[in-house]
Amino acid sequence: MKKIIMALCALTFSVSIFAQDHISKVGWYFTPEVSGMFLDGHVGRAMGFQTGVSILKRQLHVGMFYYGRSGPINPHTVSYSLDEGQTYKGKETIDFRADHGAFGVVVAPQFKLGKVHMDIPLMFGQFGAGFYLTDEDRLTPDGRRVSEWEDDLLGGEDAGFGWILEGGIRARTSLTQDNHIQIGMGLHYTHTIGYNSTLGGTDYYKAPRVSLFLLFGN
């Protein structure tokens, strides 16, 4: 009996050490961010986040990302001249605003340069963006849905969808001694595939992006 008890204690101790050793190599992270995308003649503001798990002794982050550029935080407008003979509320030129959203998976190798934490986020996912009427122009003259008018005015391509590829590099520094809260900046390049719209064209969202973020994790 004594040998059995000792064996069980040894087994329990071994399992405990094994579990602690492996659990310490897996963590979680959450990084809310604000960013600016250098689009055609202006900077598009966006907000988003990354979240997932940290593996391989916290040398690799694997998770998901989302960021969006909504109209309320982007006052920039694009003027569009309608086809000859076409008007909207008596106007031949109309201002549109733009928005977009992107989400997918992210893989980010981690390393350190001195006391600075670095990572290389590689992202792949789906992307959608469109242009929409603003202010009083959203009150359509015939009561039809504003999205139908936007589609008609922009030749059926007021919005588009496709794939997004993005690569970048980020640097961050710790705000706490345990490294559980960090602040950082990143430089990224966004490349879209298959996207097209009347006002955006095919190259509108192929652009550099800068980000400012916080990282929470363990």
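Mentor: The model is a predicted one. On that basis the chain has 2 helices and 10 strands. Read from the N terminus, their order is α-β-β-β-β-β-β-β-α-β-β-β.

The strand to look at is β7, which spans residues 122–133. Of its 12 residues, 9 are buried, so the strand is mostly covered, buried meaning under 20% relative accessible area. For the chain as a whole, buried residues make up 38% of the 218 residues.

β7 pairs with strand β5, residues 93–113, through 12 bridges, and the two run antiparallel. Within this pairing, L122 of β7 is the bridge partner of V107. β7 also pairs with strand β8, residues 159–174, again in the antiparallel sense, over 9 bridges. There, G130 stands opposite A159 of β8.

Among contacts with a separation of 6 or more, 65% are between residues 24 or more positions apart.

One more feature concerns the inside of the model. The structure holds 1 cavity of 30 Å³ or more, and the largest cavity has a volume of about 40 Å³. Its lining includes F131, along with R97, A98 and Y204. By class, the lining has 4 nonpolar, 3 polar and 2 charged residues.

How values were computed
Residues numbered from 1 in each chain as written. Predicted model: local features only at pLDDT ≥ 70, side-chain atom pairs only at ≥ 80, totals over all residues. Heavy atoms only, no water. 1 Å grid on protein atoms, 1.4 Å probe; cavity = no way out; pocket = protein on both sides within 12 Å on 5 of 7 lines; lining within 4 Å. Points joined across faces, edges and corners; volume = space filled by probe spheres on them. Nonpolar A, V, L, I, M, F, W, Y, C, P; charged D, E, K, R; others polar. Helix = DSSP H or I, 4+ residues; strand = E, 2+ residues; numbered from the N terminus. Buried < 20%, exposed > 50% of the residue type's maximum accessible area, 1.4 Å probe, protein only. Contact = heavy atoms within 4.5 Å. Pairing = 2+ DSSP bridges.
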